[in-house]
Structures are given as structure tokens and as C-alpha cells.
Amino acid sequence: MSEEVKPESVSLCPLGTAAAPEPELLCIFGTGDLGRSLGQRLLQSGYRVVYGSRRPHSCGPLPQGTQVMSHAEAAQSASLVFICIHRENYDFLETLAPQLMGKVLVDVSNNLKKNLYPEANAEYLQRLIPGAHVVKAFNTLSAWALQNGPSDANRQVYLCGNSAEAKQAVAETSTKLGFTVLDRGSLSAARELEDFPLQLFPEWRLPLRLAFGLTVVLFIYVVIRDVIYAYVVQGKDISFRIMVSLANRVFPVVSLIMLSLCYLPGVIAGFLQLYRGTKYRRFPDWLDRWMLCRKQLGLLALAFAFLHVLYTLIIPIRYYVRYKIGESTISKMRENRTSVFDTTTAWRSDSYYAMGILGFGVYLLLGITSLPSVSNALSWREFNFIQSKLGYLTLFLCTFHTYLYGWSKFLYPSSYKWYTPPAYMLSLVLPSAVMVLKLLLLLPCVDRTLTRIRQGWERTDPEDVSKKLLLT
Amino acid sequence: MSEEVKPESVSLCPLGTAAAPEPELLCIFGTGDLGRSLGQRLLQSGYRVVYGSRRPHSCGPLPQGTQVMSHAEAAQSASLVFICIHRENYDFLETLAPQLMGKVLVDVSNNLKKNLYPEANAEYLQRLIPGAHVVKAFNTLSAWALQNGPSDANRQVYLCGNSAEAKQAVAETSTKLGFTVLDRGSLSAARELEDFPLQLFPEWRLPLRLAFGLTVVLFIYVVIRDVIYAYVVQGKDISFRIMVSLANRVFPVVSLIMLSLCYLPGVIAGFLQLYRGTKYRRFPDWLDRWMLCRKQLGLLALAFAFLHVLYTLIIPIRYYVRYKIGESTISKMRENRTSVFDTTTAWRSDSYYAMGILGFGVYLLLGITSLPSVSNALSWREFNFIQSKLGYLTLFLCTFHTYLYGWSKFLYPSSYKWYTPPAYMLSLVLPSAVMVLKLLLLLPCVDRTLTRIRQGWERTDPEDVSKKLLLT
Amino acid sequence: MSEEVKPESVSLCPLGTAAAPEPELLCIFGTGDLGRSLGQRLLQSGYRVVYGSRRPHSCGPLPQGTQVMSHAEAAQSASLVFICIHRENYDFLETLAPQLMGKVLVDVSNNLKKNLYPEANAEYLQRLIPGAHVVKAFNTLSAWALQNGPSDANRQVYLCGNSAEAKQAVAETSTKLGFTVLDRGSLSAARELEDFPLQLFPEWRLPLRLAFGLTVVLFIYVVIRDVIYAYVVQGKDISFRIMVSLANRVFPVVSLIMLSLCYLPGVIAGFLQLYRGTKYRRFPDWLDRWMLCRKQLGLLALAFAFLHVLYTLIIPIRYYVRYKIGESTISKMRENRTSVFDTTTAWRSDSYYAMGILGFGVYLLLGITSLPSVSNALSWREFNFIQSKLGYLTLFLCTFHTYLYGWSKFLYPSSYKWYTPPAYMLSLVLPSAVMVLKLLLLLPCVDRTLTRIRQGWERTDPEDVSKKLLLT
């Protein structure tokens with residue numbers, strides 16, 4: 001508001017351009033859910049809205065304050081038209097080409113599947129009405145997000161189109177609706193935008209497959225070592241143990257392996273940078289992809305740890321466990337044996353549980369801080385502290401927990417049925433290696449070099465001095 | 001920044017209107033918490049601020065860089081005045097009517113209760129100073145949100161007023177403060193806006209009442225079947241079982257019933273659309289309301305499931321359980337009985353626990369993805385996948401868990417004390433029905449028709465062809 | 001949208017300034033991660049971008065559509081230059097002083113540690129190029145946030161600088177990028193902004209220290225009372241109990257004390273306001289600071305409660321517990337004792353567990369609603385209801401849980417080893433006091449006075465009547 005506005009005068013209109021006695025009029029083709037939501041939101045943001053419909057007189061409830069007319073009339077009344085129609089019905093728009101000449105057409109449509117049509121909906125629309133300026137936009141937002149306003153990840157409107165002016169007009173409207181605009185270039189990007197809402201956890205696929213593969217392989221491994229071994233060697237059927245005992249042997253192993261896979265790429269990257277003496281060369285592709293799915297690896301590991309906790313806590317109410325404890329008490333009684341309380345075992349078993357609980361606690365904390373709203377509220381240094389320092393603490397606690405579980409079992413030949421090690425031993429290899437490598441990187445001399453490299457210093461490349469100028 | 005700015009020149013000033021050597025001046029009446037927070041935020045966003053106060057010389061600490069003067073003086077210096085005063089003290093503003101003539105008055109006030117006054121605060125203000133342009137705005141934000149800036153749901157500023165120009169002026173300021181503006185129409189909407197901050201979980205009421213009702217009814221049911229039955233028929237007092245055993249019988253039943261109530265309306269809606277052959281007719285009101293509270297139903301069901309888990313896990317440390325196990329071991333010993341290990345029971349009980357844990361795990365995942373920041377980060381297809389596919393998986397696992405719990409008990413007449421079925425049987429009715437109905441909807445022929453209907457196809461209405469054009 | 005787009009008319013262009021045939025050009029010095037991310041984001045938001053580099057022909061991959069040139073050339077082509085260079089390399093910029101004359105320089109740099117240099121980076125830059133207008137901005141955002149767009153807490157851009165015009169130019173760009181701008185005043189605030197990303201949980205320090213101190217002191221206390229007492233008086237070594245039994249005695253005590261410390265300052269503030277008869281006098285500093293860390297106190301208390309829950313649930317699988325139960329069954333058998341089932345004990349122990357579980361459940365709910373994205377979605381009244389009403393319910397349930405745990409133990413002298421009370425008794429003092437004080441504040445007469453004070457009424461200050469006018 002400017003100083004010129006005199007308190008006594010009635011004209012307010014303090015805004016940049018001339019007084020705007022009437023808000024801008026926009027047109028929406030289509031009166032479905034999306035058209036209605038969009039219209040309501042536009043109204044609330046101060047626009048006037050007119051709908052174009054094939055049956056202007058019987059098109060159901062529309063937001064109060066809007067008008068409905070035929071497509072042709074509606075198109076002529078506004079310079080920006082939202083096309084809220086299914087792609088299958090675009091063909092009739094060809095007949096409106098004269099009225100849509102020079103207009104900005106906003107294609108908001110999505111498809112039900114990828115690659116359903118040879119060309120993107122927006123490109124098809126442009127081909128039908130070559131005289132109009134087609135902009136692809138808003139298609140990543142649901143009717144719900146349009147009606148209720150932007151929030152977090154739903155704040156971004158991606159748009160693309162061939163006319164810069166048309167894109168700017170759509171960008172202005174989006175901004176006024178409270179969205180942030182991201183320009184994805186020319187209309188040839190439309191297919192990419194149309195594929196966005198059809199994505200199904202692309203970044204989760206690799207970690208999920210890995211988790212599934214590990215689980216299956218380990219399950220088979222423990223079934224062979226336990227159930228089949230018992231059946232073949234001892235002639236006993238202990239297959240009932242599959243549901244809980246064996247599952248609870250697989251889950252913690254998968255969890256620990258995946259947790260260490262979370263931290264392994266960081267360590268590898270460190271050694272690679274040390275070896276190369278620079279941080280300006282790209283990592284190999286596999287390492288890049290691995291580093292990008294660390295969060296997902298960690299969260300899956302947490303899920304397996306969670307299952308391990310619950311499977312452990314129900315142990316004492318299991319029929320099998322109760323039966324065994326009862327029988328052992330009775331047989332002790334009958335044989336008049338007295339068992340001696342072993343303080344070392346008490347220490348070991350209690351430490352084992354304590355480490356597990358503390359490890360799970362820190363782990364949960366890591367999981368909570370990876371919630372978008374929590375991690376967004378952290379400063380970079382705080383996020384780094386949690387994901388790195390607390391992450392390695394988790395890894396240490398969980399590995400120590402597993403070592404305490406194993407204790408001296410690795411000494412007894414009976415542990416190696418059919419010459420195979422128990423599953424928990426397999427799970428210790430990776431985390432132990434990660435921790436040893438990490439400790440090497442923390443040695444003062446190594447750490448100093450690595451820190452310098454990460455600040456932009458390069459070892460052997462004298463003509464590349466200017467690179468040091470770049471901020472990391 | 002505009003093109004006119006020449007790199008060498010010093011004048012920057014690229015912004016819409018003429019060079020703004022001095023930022024705009026706004027006025028705030030009232031120096032309380034809200035007035036101070038608002039003033040600070042306005043300052044930080046580049047405005048100049050002047051306070052109007054009855055005691056300009058003794059009104060406590062104000063943000064640095066602001067001025068304080070009498071109400072009359074302050075009013076004359078700016079064209080936009082924020083009224084940060086309690087409604088009870090509005091009457092004195094009447095004396096300032098000449099100075100406030102033609103000004104934009106922003107009413108930010110709230111009441112402590114609904115319907116405290118016959119008219120909305122903003123309407124009262126407009127009546128007191130008919131010559132001013134009253135705009136209701138900012139009242140849904142706390143002083144805290146005003147001071148610390150917008151975040152998520154606190155980003156929206158609702159406003160209403162009779163003057164479009166006045167509303168636009170306030171909208172400009174809100175936008176500059178980082179808020180998104182939603183215009184709610186004329187000043188008659190002020191009461192609605194003033195009721196917003198007084199809402200207390202309106203969408204949770206129905207689900208909470210339902211959960212409470214179910215819990216009470218089922219508690220009475222199990223108390224009668226267990227405690228009173230034992231007292232009347234067997235003459236035993238087992239009332240101590242109320243606190244944990246009976247509660248743990250009620251919680252899972254309530255949880256499972258509420259979970260199936262979550263998915264029932266979707267199934268009903270599907271059948272309704274199939275029957276009507278169109279998706280363009282509105283659902284009955286009760287179904288609409290039911291569908292709107294599915295999220296709340298699901299979260300309450302999760303809460304009950306959580307209680308069920310904890311109540312189950314403490315079973316082995318309960319005094320009663322320890323006593324019973326000890327006694328049974330001793331009596332077995334005395335009577336020299338040997339119990340035979342039953343592999344079927346072991347399988348059944350372990351499967352029962354495994355299903356329960358897995359069900360609870362997927363359930364928790366559903367709960368986590370319903371956190372606003374998580375669900376906002378999902379694409380529509382991802383959200384749909386989780387809430388629908390994983391939702392039905394949860395329902396299946398939990399129902400299967402309950403069937404395994406029941407096993408063959410339904411065959412024994414002793415289960416039907418006083419001819420009533422056990423509570424767990426009651427809980428199986430709804431989820432089983434929901435799953436059967438859902439399976440019917442998934443039959444290829446039914447599913448194909450339903451998908452076409454949901455894409456806009458209509459069965460029997462030849463003159464309504466144009467509806468197919470609407471995007472869903 | 002520009003004037004050139006002719007629908008059939010020329011005027012599309014409802015937007016403020018004149019047609020913008022070419023987007024604005026911005027310059028970035030430095031082609032590191034941050035420079036690249038910033039460039040990409042600027043491109044996507046519709047700017048043209050030119051990079052300044054020392055080696056324009058070998059500076060690695062830059063965003064498509066940008067140009068690279070020498071620093072001098074780049075500087076001349078745009079009026080706004082982002083300095084994405086490490087402070088250590090600022091000195092070379094001095095040679096560019098003529099080209100940078102009158103330009104807006106945006107300093108986005110951060111340091112690795114606090115107080116590394118005598119002056120802020122931005123002030124140093126200003127000193128090097130006195131003819132430019134230095135604005136500190138964007139430094140609180142990570143390269144990641146710049147590339148992926150604003151979200152939640154990462155939406156705010158803090159800026160400071162001596163030229164209002166330069167700040168406004170940067171503010172415009174920030175807004176177009178989707179960020180909210182907060183002006184922190186002149187360039188002397190730069191140091192403060194540069195310290196922001198180096199903060200490490202400042203608001204968590206006090207609560208963390210408190211929790212750590214309490215834990216250590218109480219651990220020593222219970223070790224002395226249990227392990228050392230047993231060793232000295234009874235000559236037994238029960239040190240193995242440290243890992244789980246004693247830890248599980250310390251955690252709930254710390255949790256309950258910290259939970260009551262959450263609610264104590266509110267009660268104290270109430271009494272202070274009652275005593276002073278006004279709410280317009282500031283609280284003492286210690287009370288202010290205490291009230292500001294209530295959320296952190298509460299979350300730490302929840303973490304301890306969580307550990308307590310897990311430590312409790314693993315009780316029945318501990319070696320020590322299984323041994324003891326087995327032995328007690330055998331000895332009962334041998335001595336032919338029969339223990340009588342005690343209904344009171346059953347009631348007490350079950351109620352004790354039930355209270356604990358319910359308390360933990362409500363507690364978790366409090367924790368969930370303190371997640372930023374959840375609390376942002378609540379109205380002020382809802383947030384208040386949860387944090388206050390449910391908070392006190394939690395405190396009551398947990399305190400009651402502890403009373404039930406203690407039961408009549410306080411009557412037996414054997415509880416007071418070495419004349420010291422058990423730890424759980426110590427934990428009851430504070431919560432009991434808080435609840436009694438809160439009840440006093442809820443007495444109708446007291447409550448009425450306090451409500452009036454909080455609405456702005458003052459008791460004894462007749463000349464201060466105008467204060468009543470201020471909104472609270």
C-alpha cells in the first residue's frame with residue numbers, strides 16, 4: 001500500500017498496477033471433481049470463474065458464484081482455459097479451435113497407466129489446437145490438494161510449455177493460489193510430468209528387493225540348519241518353530257546387515273576420495289545409486305528390528321516356551337538336580353538385552369528424525385550429527401548386542417551343523433568391517449587429509465588450483 | 001528485478017511500482033502479545049510499524065524500530081490499521097470514527113467461546129465505524145505463528161470483508177508475510193472465521209463416540225459373561241481380572257470392529273455405484289459423513305491395537321499368571337502327570353502370534369503414512385496403494401489372527417455361557433463381511449464395470465453422454 | 001504472460017508490470033555443489049543464469065541452459081551476483097571491484113566453526129568491495145533445500161544488508177523461488193545468520209544436561225542402596241543386577257521427575273500472576289527459560305518412559321528371573337508349602353500395569369502431537385487441549401502408577417536401607433506437589449481471578465485501566 005492513499009478517500013487500490021475493479025476471469029472446461037475443486041480454489045483466491053460445459057443447464061452442483069455456459073462462449077470470455085476433461089474426450093476440442101486461438105490452455109490431465117498413449121496428453125492437445133498455447137501444469141496435485149490448499153510436498157506446481165508468456169501467466173495464477181512453481185522446460189517434458197503421479201515408490205524398489213532377497217535366502221538357510229538338520233540327523237520334527245523362533249532368527253540378521261549396508265557406501269566413498277585425492281571426480285554409478293537409497297535401507301532395517309523386538313517380547317507367552325520351562329522344572333525336581341546360579345551368565349544376558357534395547361531406542365530416534373517434518377526443522381549440522389554420530393552409535397550397539405548373544409558359542413563345534421556357521425555369525429561380518437573401516441578413517445592423519453579434500457583441496461593436480469575456489 | 005537496471009548504475013529498485021525509498025507504514029492498535037508479535041513480523045517483512053495506544057508513554061516493551069503514539073495520531077499516519085484489541089473494548093473506537101474514515105481495519109480478534117455475542121466481532125466493528133472498510137483476517141493464527149512465520153497448516157490466512165479493495169490490500173500484506181490467502185467472501189462470513197480457532201476436533205467426535213460406546217458395551221458384555229457368570233454359576237470371585245484380562249479382551253475387539261468400519265463404506269460405495277451405474281449421483285449423506293471420518297476411525301483402531309499389544313506383552317509378569325503357572329507345575333508334579341507336547345497347538349499359537357505381530361506392523365505403517373508430512377510427500381498412487389492395498393492386508397492379517405485365536409472353540413458348547421458367544425466371535429462378523437464383499441468387487445467382471453464407472457462411464461442414460469467428458 | 005499473445009484480442013496480460021519478453025539474468029560466482037543447485041533452481045523458477053568461473057572451459061557439469069564465462073564478464077552481464085565461493089578465496093574478488101561496483105552481491109557462505117574469523121564473511125566481503133551492496137542470504141539453506149525447493153522450516157530465507165533496495169531485490173528473487181523472507185536488519189546481523197547453521201540443538205542442552213545429571217545421581221543412589229548395601233550388610237554380590245534391574249529403577253524415576261518439571265513452571269507462573277495481580281510484568285528470566293524448554297523436557301521424559309517399558313517387558317525372558325521362578329517353584333514343592341492366591345495383590349498388580357500402559361499410551365499421543373506437521377495442523381484450542389488436559393492426565397496416570405507400585409511398602413522399615421527412602425518415593429514428591437498446586441489453581445474462586453488476569457484485568461493499579469484494552 002502506498003503513501004498516496006489518503007485516509008479520507010474511499011479509493012483504496014494501493015496495488016502496483018491500476019485499480020482492479022473487477023478480478024480476473026478464468027475459464028474451466030469440465031465440471032467433474034477436479035474442475036469443481038479448482039474452481040472453488042480460484043474463487044477463494046480472488047478470481048472469477050466461468051465453466052464451459054456441453055450441457056450448461058444440467059451439470060450438477062458447481063461452486064457458488066461461478067457461471068456455466070457452452071464451451072464456445074466460455075472460451076471467448078477468458079484468456080486462460082483449464083482443460084479438466086479426460087484425454088479420451090479431447091477430440092471434440094478440435095471444433096473449438098477458432099475460439100481457442102491464442103488462448104493459454106492448461107492441461108491438468110493424467111493417465112491411468114504409463115505409456116497408454118504414444119504421445120503425452122498435453123502434446124496431443126497442442127496438436128489438436130495448434131493455435132493455442134498449451135501449458136502442462138497442476139497434474140501432480142490431487143483434487144483434494146487443489147481444494148484444501150498447498151501443504152509441504154504438495155506445494156510444488158511443475159509446469160512445461162512452449163510459450164514463455166503462457167507459462168508466466170500460469171505461474172502467476174499458481175503463485176496466487178499459494179503454490180511454488182517449477183518450470184520444467186518445453187512441452188516435450190509433458191510426458192515426464194504425466195508420469196509423476198503414477199510413480200510407485202521408485203526409490204524404495206532396490207532396498208525392498210534386497211530386503212526380500214535377504215529374508216528368503218536366510219530363511220531357507222536357517223530352515224535347513226535347524227528343521228531339516230533335526231529331522232535328518234535326530235529324526236525330530238521341529239517344523240513348528242518356523243513361525244516364530246526361526247523368523248526371529250532371520251529378522252535381526254536382515255536388520256543388522258541392512259543397517260551396515262546403510263553406512264558402508266559412506267565409508268567406501270571416503271576411501272575413494274582418499275585414493276583419488278580429490279572430491280571433484282564423480283563416484284561410480286553403482287555407488288551413487290547406493291548412497292541415494294541409504295535412507296530407505298535404514299528404514300527397512302528399522303522395520304525388521306521392530307519385528308525382532310515384538311517377536312522377542314512374546315517369547316514367554318508362547319505355548320512351546322511355557323511347556324519347556326514347566327518340563328525342565330519338573331525334571332529338575334524329579335532328578336533332584338540343583339542348578340547353580342551363574343553370575344557371568346546373568347551379566348551377559350542382561351547386558352545383551354540392555355544393548356539391544358538401547359540400540360533399538362537410538363534406532364527409533366533415527367527413524368523419527370527422518371520424518372520429513374522433523375528433518376526439515378533441523379539445521380544441517382543437527383541433521384548430520386544425528387544421521388552420522390547417532391547412526392554409528394546404533395550400529396555399534398546392535399553389533400555389540402549380537403556379539404553378546406553369540407558370546408563363546410563360536411568355540412563349540414556343535415554350533416557348526418553341517419559345517420555351516422549360525423546365521424548370527426554371518427550377520428556380524430559386514431557391520432564389523434564397516435566399523436573397522438570407519439575407525440581407520442577416523443585416525444587423525446587420515447581424517448585430516450579427508451577433511452581437506454572435502455573442503456575442496458586436491459592432491460596432485462597443480463593446474464586445477466582454481467577448483468579450490470568453489471564452495472562445496 | 002527489471003531489465004532497466006543497468007549493471008553499472010547504483011539504482012536498484014526494480015520493483016513494480018515506483019522506487020520505494022521508504023517502506024510502507026502500517027498501524028497496529030493495541031500493544032498486547034498479538035500486537036507485538038504482529039508488529040515484529042511486519043518489521044521483519046520490510047514494513048514500518050506504528051502503534052496506537054491509550055498510554056503511548058507506558059505501554060511496555062515493543063519491537064525495536066516501531067513508534068507509539070495516541071490512537072488518533074497513529075490512525076491518521078497509515079491507511080491500514082490492525083485492531084489487536086479485545087472486543088469488550090471496541091466501544092472506544094467509536095470516538096475515532098473520523099480518523100478511521102475510509103481506512104482498512106483488520107479485525108484479528110477471537111472470542112473465548114462460541115455464541116458469546118449476538119454478532120461477529122468484525123460485524124460489530126463495522127457497525128461502530130461504518131465509514132471504515134473492515135476485513136476479518138489473521139484470527140486463525142496464534143501470536144506464535146505470527147511471530148515465527150508460516151508453517152504447514154498455519155500458512156493459510158482466511159479473510160472476509162465487504163470491500164474488494166480492502167481485502168486485496170490485506171491479501172497483499174499477508175502474501176508478503178509469507179501466508180497464503182483464502183477469501184471467504186463478505187463480512188457475514190466473519191462469524192464462521194471466528195469459530196475456527198474454537199473448534200475442538202470436530203472430525204474426531206463421531207469416531208470417538210463410537211469407540212467409547214463400543215468399549216462400554218463390550219466391557220459390560222464381557223464382565224457379565226465372565227465375572228458375573230463365574231460368581232453366579234461357580235460362586236467364584238474373579239473380579240480382579242477386570243483390570244487386565246477383560247480389558248485385553250475388549251480392546252482387540254473394538255480395534256478390529258473399527259478397522260473394518262474403516263473399509264466398509266468404501267465397499268458400500270462401490271456397490272452403490274454398481275447399482276446406480278454412474279458415479280455422478282451423490283452418495284447419501286450418512287455415507288458421505290462416514291467416508292470422511294475413515295482416517296480417524298483407523299487411527300483410533302490403531303490406538304486400541306496398541307493397547308492390546310502392551311496388555312498382551314505384560315501377561316507373563318502379572319502376579320495372577322505367575323501364580324497359576326507355578327501352581328500348575330506343582331500340581332502336575334504332585335499328581336505325577338506328564339503332559340504331551342502338542343505340535344498342532346504349537347503351530348497354531350505361534351501362527352496366531354506371528355499374524356498378530358505382522359498385522360500390527362503393517363498397521364503402524366498405515367498410521368505413520370497418515371502423518372501429514374509423510375502423506376504430503378507421497379504421490380496420489382503411492383498414498384492409494386498404502387491406504388488401500390496395505391489397509392486390506394492389515395484387515396486380513398488381523399482377522400486371520402482372531403480366527404487362529406478362536407480356532408475350534410466355536411465347536412464347544414462351554415464357550416457359549418448363558419447362550420452368548422464370546423466377544424472375539426462378535427468381532428469377526430464385520431471384517432469377514434467386508435472381506436467377502438471386497439472379494440466380490442474384485443471379481444474380474446465386476447471390477448471392469450466399476451473401473452469404467454469410475455472413469456466416467458454411465459450405464460443407462462443415453463442423453464447424458466457429455467458427462468463422460470468430465471475428468472474425475 | 002505478455003502482450004504479444006493475441007487470443008483474438010491482444011490483451012492477455014492482467015499482470016502488474018509491462019511485458020517481459022526475456023526473463024531476468026542472474027549471475028553466480030562459483031560452480032560447486034551450492035552454485036549448481038542454486039543455478040538449477042533459478043532456471044526452474046524462470047530466470048536466466050550465467051556462471052562466473054576462473055576456468056570457464058573446464059568447470060565440470062553445470063545445469064543445462066546456463067552459460068559460463070570469466071568472473072569479470074559474468075559480473076557485468078547481471079545486476080545481482082550470488083557469491084558461492086569459500087570465504088578463504090574471497091580475496092581475489094577485490095580485483096573485480098570495478099565490475100562489481102553498484103551490484104547486489106548475495107553472500108551465501110557459511111563457516112565450519114563459530115568464531116573462526118574476526119568478522120562475518122558478509123562484512124569481510126563488503127570491506128573488500130565497498131562499492132557493492134552486500135546482502136547476506138540463503139546461508140541457512142542447504143544445497144539440497146535449494147535444489148528441491150522449500151519445505152516447512154526450510155521455507156524461511158533470513159537476510160540482512162545495509163541497502164534497503166538491494167535487500168528488496170534479493171527478497172523478490174527469494175519469493176519467486178518459493179521462500180518466505182525475513183529481514184534481520186543491517187549487515188551487522190550477518191554473524192548471527194552465519195551462526196544459525198552451526199547450532200547444535202541449543203534448546204535441548206539444558207534438558208539433556210538435566211536428564212543426564214538426574215540419571216547419574218539416581219544410578220549412584222540405587223547402586224549404593226542395593227548392590228553396595230547387599231555386599232556390605234549381607235555379603236552377597238548382586239552386581240549383575242546393574243544392567244537391567246537397577247537401570248529399570250532409574251529410568252521411570254527420571255521420566256516422572258522430568259514430566260513433572262514440564263508442568264511445574266506453568267503452575268509457578270499461575271501463582272506468580274495471582275500474586276502480582278497482573279499478567280503484564282515479565283516473568284523472571286529463569287522461569288522464562290524453563291518454560292521455553294518444556295517441550296524438550298517432555299520428549300526426554302517420554303524417551304525414558306519408553307526405555308522403562310522395554311526394560312519391563314523383557315523381565316520374564318531374563319536368565320535371573322527364570323532361574324528365580326524355577327527355584328521358588330521347586331522349593332515350594334520340596335517344602336510342601338501351598339501359597340494362597342491373594343486377590344488384593346492381583347487387583348493391585350493388575351491396576352498398576354493398567355495405569356502404566358494407559359499413561360504410556362496418552363504420553364505417546366502427546367509425543368506424536370508434538371511432531372511439527374501434526375501440531376501445525378491443530379487449531380490453537382486443540383493444541384492447548386492436548387498439551388494441557390492430556391498432559392495432566394498423563395501426569396496423573398503415571399503418578400498413580402507409581403503409588404500403586406509402592407503401595408504399602410512405605411510402612412515397612414526394611415524399605416529404608418541405611419535410612420534412605422527407595423528411589424520411587426523420591427520420584428513421587430514433585431508430581432504430587434505439581435498436582436496439588438494445579439488443583440489449588442482450579443478452585444473456582446482462584447480460577448476465576450486467574451482467568452480475568454489472563455484476559456488483561458489488573459488488580460491494584462487504577463491508573464493503568466487502559467491496559468485492559470490490550471488483546472492477550
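Trp418(A) sits in the loop that runs between α15 (380–406) and α16 (423–442) of chain A. The model is predicted, so local features need pLDDT of at least 70 and side-chain atom pairs count only at pLDDT 80 or more, while totals for chains, interfaces and linings use all residues. Residues are numbered from 1 along each chain as its sequence is written, chains are lettered from A and ligands numbered from 1 in the order in which they are written, and side-chain values use heavy atoms, with hydrogens and water left out.

Trp418(A) has a relative accessible area of 39%, and therefore counts as partly exposed. On this scale buried means under 20% relative accessible area, exposed means over 50%, and partly exposed lies in between (1.4 Å probe, protein chains only). Trp418(A) belongs to a nonpolar surface patch of about 880 Å², whose other members are Phe212(A), Val216(A), Ile220(A), Ile224(A), Ile228(A), Tyr231(A), Val232(A) and Val233(A). Patches are made of residues with over 30% relative accessible area and no salt bridge; nonpolar side chains (Val, Leu, Ile, Met, Phe, Trp, Tyr) are joined within 5 Å, and like charges within 9 Å. The areas come from the Shrake-Rupley method with a 1.4 Å probe, and for residues only the protein chains shown count as cover.

Lys114(A), Arg205(A), Arg209(A), Arg381(B) and Lys389(B) form a positive surface patch. Lys and Arg count as positive and Asp and Glu as negative, while His and the chain ends are not counted. Each charge is placed at NZ of Lys, CZ of Arg, CG of Asp or CD of Glu. Helix α8 (205–234) of chain A and helix α15 (380–406) of chain B each supply at least two residues of this patch. Arg205(A) is placed in helix α8 of chain A, and its relative accessibility of 43% is why it counts as partly exposed.

Chain A as a whole can now be described. Its secondary structure comes to 17 helices and eight strands. Of its 472 residues, 56% are buried. Chain A exposes about 21,100 Å², and carbon and sulfur atoms supply 61% of that area. Among contacts (heavy atoms within 4.5 Å) in chain A between residues at least 6 apart in sequence, 69% join residues at least 24 apart.

What covers the buried residues of helix α4 in chain A? Six of the eight residues of this helix (residues 121–128) are buried, namely Asn121(A), Ala122(A), Tyr124(A), Leu125(A), Gln126(A) and Leu128(A). Their cover includes β4 (80–83), β5 (104–107), β6 (133–137) and α7 (190–195) of chain A.

Another helix of chain A, α11 (residues 294–313), holds Lys295(A). Lys295(A) and Gln387(A) are 92 residues apart in sequence, yet their C-alpha atoms are 9.5 Å apart in space. Lys295(A) has 44% relative accessibility and so counts as partly exposed.

Salt bridges come next. A salt bridge is a side-chain nitrogen of Lys or Arg within 4 Å of a carboxyl oxygen of Asp or Glu. In chain A, salt bridges link Asp107(A), Lys136(A) and Glu194(A) in a network. In chain B, Glu119(B) and Arg127(B) meet at 2.4 Å, N to O. In chain C, Glu119(C) and Arg127(C) meet at 2.4 Å, N to O. Glu119(C) is buried because its relative accessibility is 19%, whereas Arg127(C), at 53%, counts as exposed.

Chain C also has a salt bridge between Arg249(C) and Asp226(C), at 2.6 Å, N to O. This pair links distant parts of the chain, with Arg249(C) in helix α9 (residues 247–276) and Asp226(C) in helix α8 (residues 205–234), 23 residues apart. Asp226(C) is buried at 6% relative accessibility, and Arg249(C) is partly exposed at 27%.

Two loop residues of chain C remain. Asn115(C), in the loop between β5 (104–107) and α4 (121–128), has a positive phi near 55 degrees although it is a residue other than glycine. Its relative accessible area is 60%, so Asn115(C) is exposed. Tyr419(C), in the loop between α15 (380–406) and α16 (423–442), is not a glycine but has a positive phi of about 60 degrees. Tyr419(C) is exposed, with a relative accessible area of 81%.

Technical notes. Helices (H or I, at least four residues) and strands (E, at least two) are DSSP runs, numbered from the N terminus.
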